[in-house]
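Open the model in your viewer and keep the selection panel at hand. We will go stop by stop.

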Amino acid sequence: MKFLLATIMIAQLASAFRAPATTSTRRFIQSQNKRAATFGVLNGESLTQQKYYHHGSLRQQPFLITRRHMSETVEEAAPAPAASTGYPFASIEPKWQAYWKENDTFKTPERRTTNEDGTVTKSKNKKKYVLDMFPYPSGAGLHVGHPEGYTASDVMSRYWRMTSHDVLHPIGWDSFGLPAEQFAIQTGTHPEVETKKNIANFKRQLQMLGFSYDWEKEVATTDVEYVKWTQWIFLQLYKKGLACQSEVSVNWCPALGTVLSNEEVINGLSERGDHPVTRLPLRQWVLKITEYADRLEQGLEGLDWPSGTMTAQEQWIGKSVGTEIDFNVDGLDDKKVTVFTTRADTLFGVTYVTLAPEHPLVSSVTTSDQKEEVDAYVTATSSRSDLDRTSSKEKTGVFTGGYAIHPLTNEKVPIWIGDYVLGSYGTGAVMAVPAHDERDYEFASKFGLEVKWVVEPTKKDGELSTEEAFTKAGVNVNSGEFDGMKTQKAKKAITAKLAEISSGGPKITYKLRDWVFSRQRYWGEPIPIYFPIDFPEGVEDSDVDPKVDGCEHTIRFDKPIPVDEADLPLTLPEMEDFSPGDDPAGCLARAKDWRYFQKDGKWFSRETNTMPQWAGSCWYYFRFLDPKNGESAFSPELDEDWMPVDLYVGGAEHAVLHLLYARFWHQVLYDLGYTKHPEPFQKLVHQGMILGSDGEKMSKSRGNVVNPDDVVEVHGADALRLYEMFMGPLEAVKPWQTSQVSGVVRFQNKLFNVVKEAAKNDASVEMDEETTKILHKTMKKVTEDIENMSFNTAISAMMVLTNHLTSLKDQVPREAAEKLTLMVSPFAPHLGEECWSLLGHDDTLAYHPWVEHDEALCVDNTVKMGVQVNGKTRGEIEIPKDADQEGAMGEAMKVQSVSNQLDGKDVKKIIYVPGRILNIVAK
């Protein structure tokens, strides 16, 4: 119990010290004082009576947690200079990093071996594929928030190696991207130069932190061989009919020369520079991810992912079961407006139909009287992004002058256009039921349109209010033959009726849209497609050159031709000007010597769009299996040996798109037989964001970025690793406080000194019973906490053990020191290796068997109990867990404060609950 309380208190205070002492922090301190008083763990001292330094508004009242069983004090003070520490990290950490590199310590083991007779022997060990989300190597390098996830995955990798698992723990670079291209545009430096420089810096920082990556597996999405296989996967998508061209309405900014996302357009202007943005149709490559919508939703079942991420995926996919309904257009026999609804029961309440301004029927249904107003409205909305349109609270629209025919009543209903309806979503049209839809009600109220009530509440839900839309389920009214039906029954009956008269029927739709895969930029993978070129009639290919200005020609985008797989990779051309320009075709359209080429006497034009940055990160976990394979993206044997990824660690900001896109590519490769595993990532963990000391996200503009190089220079890599794992639960958001690193530095120094003392001793120094129990409890807790990725409490437990061993002075048992060294090594690997060496071991501890505890030694034989007299606690006793009432009373009477309360009184009743309470009623 003492051990558990000490561990809990350290872990909770680590969490409390993450931020300045706000009101909530003060409440925490007060609650801990109260808790301490209840359990007697602070021996009568409150937190504020002790010296636990906390840099915040309470710093003039420093406080400290301690116990008689714990000499450790985690103090907050200014960073100490490196020379004053007891552990010489500055020489030890580079020493062990060099050792690991020289000895290929973390080389991935082979899971199968081919024998001389041709037979194959497979590894008997279980496997663990531990993967970090692909980092983008920015020019700024790492800040202290980045290593949190990398440290967590490294702790697990090191732990699993010590528990006899074969571990694959690779790293690489998601190195295509807009920042490098923007730098190239500004400086004239080729983006490849800046990218390689950034990768070198990132690699130096990761190696400095002692991560146990197999650097032989390193890949970058910009590597020519990697580009080759990314293009190869695109061709498989193309051959399967999942990659096609489409005219997509995009946000085009001529001034910036690029397509902008919806989030980058505000009130028709670019977020960067306030340049005008227009909506225009642009030829784009699209991946048909919607064909896998059901699979993507169903595949989530059985995955060990955070519930929030699972929900985000499901909501993005957005499966809806409903009804498709056709409204004929009055006066246009060959035209119809198709809508989708999940509330077919409200069909009799339709009083108008709304089309998106970009709907193809707008010009057909608009009357001459309304044409000028409709055209003006369409032009005005063309500059607004989808996000801007749907998020606006103001409802706008224009009547087209046309009418649709209700499929069941044959009534005419007016057709409007409104910018809250998107042409890219659903059918681009909605049936408006203002009585039973809030948005439709607001629109109808503004423009004075009719409201028909066709669903009323059931008796238990009360009366119908006509002051607002009634959107709940109920009972149909004013719905002809469907009157009296409850909502679910009415939905089915009306859907069946529509199918019967060929005006609709059941339909499943998804919010998920097909993936627009084109980018009009330079720094990305070229799309391996080319097109034939037509010249004017009578002109021969041999007589012309489309690279020459003024050469009349037509690129036949309607006849795409895939690059032969044998001709991959298709590499980018050398260019001096990487700016996109004002041509939506992108800057590659200016590289005419690259774009145009002849084959068999015919001229062709390459695709000038490039792939988005998502492409390379969709499949990198496969390439890590087999990064040097020149014959295939990865071998089937290695897929069988290592997939799926057992632990995937990365930020929650990738909870939707990256994971969705990667799963889509994976499922396609699964269908094509390239992998035996239907899902790529079995377990997913999101590390919480580490904020700046001001509680804000780290950024250069805020001036709150902390460079890990600076922390390592002062405290060492292990101290940074320990601190990041000790700050609080891995998934929690936490502010960085450099001054608090000194707490784990003291723990690190103390542990190092304990081991040095133990190294002087031989086997004659035996463990006493208390040490044995604390050691086994620590081994159990640390093991369980690592398995649960509860790293902060694992470190807390090791702090308690270290404090106890320190109290033994020169009588530290070697066995206890060795076990502690093994336990700390996944968190502080340099410290672990050095301590292991001090204890006389010549080999690395990276593969030494993990510690094992004896469950019997983790159980306390005695229990502490409060003793009450007439309901008030008067003392405490420690007795055997199985002590009877007589034994408990005997111990209670030895407590002076209890015997004083009973002096001169008769004991009337004894209430004894073994292990919990002893209450003596006396008068």
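Is tryptophan 285 buried or exposed? Select tryptophan 285: it is buried, with a relative accessible area of 1%. This is a predicted model, so the relative area is a computed value, with under 20% counting as buried. Tryptophan 285 sits in strand E11, residues 278-287. Cysteine 244 and tryptophan 285 are 41 residues apart along the chain, yet their C-alpha atoms are separated by 5.6 Å.

**Confidence**

Colour by pLDDT. The protein chain has a mean of 88, and 90% of its residues reach 70 or more. Then select residues 1-85. There pLDDT stays under 50, and the model has 159 contacts beyond four places in sequence for this stretch. Where pLDDT is low, the predicted coordinates should not be read in detail.

**Helix H7**

Go to residues 224-239, helix H7. Show the surroundings next. Twelve of the 16 residues are buried, so H7 is largely enclosed by the rest of the structure. The buried set includes Tyr226, Trp229, Trp232, Ile233 and Phe234. Lys228, Gln231 and Gln236 are among the buried residues too. Step just past the helix to glycine 241, which takes a positive phi of about 80°.

**Nonpolar cores**

Which residues touch the most other members of the largest nonpolar core? Select Leu206, Trp736, Phe791, Ile795, Met798, Met823 and Phe827; they do, in a core of 87 residues. Helix H22, residues 741-760, gives this core its largest share, nine residues. Then move to a second, separate core of 71 residues, with Leu287, Leu296, Leu568 and Ala615 among its members.

**Salt bridges**

The whole structure holds 41 salt bridges.

Select arginine 112 and aspartate 641. They form a salt bridge, with the closest N and O atoms 2.8 Å apart. Arginine 112 is in strand E1 (residues 112-114) and aspartate 641 in helix H18 (residues 636-642), so the pair ties together parts that are 529 residues apart in sequence. Arginine 112 is partly exposed at 22% relative accessible area, whereas aspartate 641 is buried at 8%.

Next, lysine 395 and glutamate 442. Their side chains meet in a salt bridge, 3.3 Å from N to O. Lysine 395 lies in the loop between helix H12 (386-391) and strand E15 (397-405), and glutamate 442 in helix H13 (residues 438-447), so this pair ties together parts that are 47 residues apart in sequence. Lysine 395 counts as buried, at 12% relative accessibility. Glutamate 442 is partly exposed, with a relative accessible area of 42%.

Return to helix H22 for a local pair. Where do lysine 760 and glutamate 757 stand relative to each other in helix H22? They are three residues apart, which separates them by about one helical turn. An α-helix has 3.6 residues a turn, so residues three or four places apart point the same way. Lysine 760 and glutamate 757 form a salt bridge, their closest N and O atoms being 3.3 Å apart. Lysine 760 counts as exposed at 63% relative accessibility, and glutamate 757 as partly exposed at 27%.

Notes: Residues numbered from 1 in each chain as written. Heavy atoms only, no water. Helix = DSSP H or I, 4+ residues; strand = E, 2+ residues; numbered from the N terminus. Expected span 1.5 Å × (residues − 1). Buried < 20%, exposed > 50% of the residue type's maximum accessible area, 1.4 Å probe, protein only. pLDDT = per-residue confidence, 0-100. Contact = heavy atoms within 4.5 Å. Core = buried A, V, L, I, M, F, W, Y, C linked by side-chain atoms within 4.5 Å. Salt bridge = Lys/Arg side-chain N within 4 Å of Asp/Glu carboxyl O.
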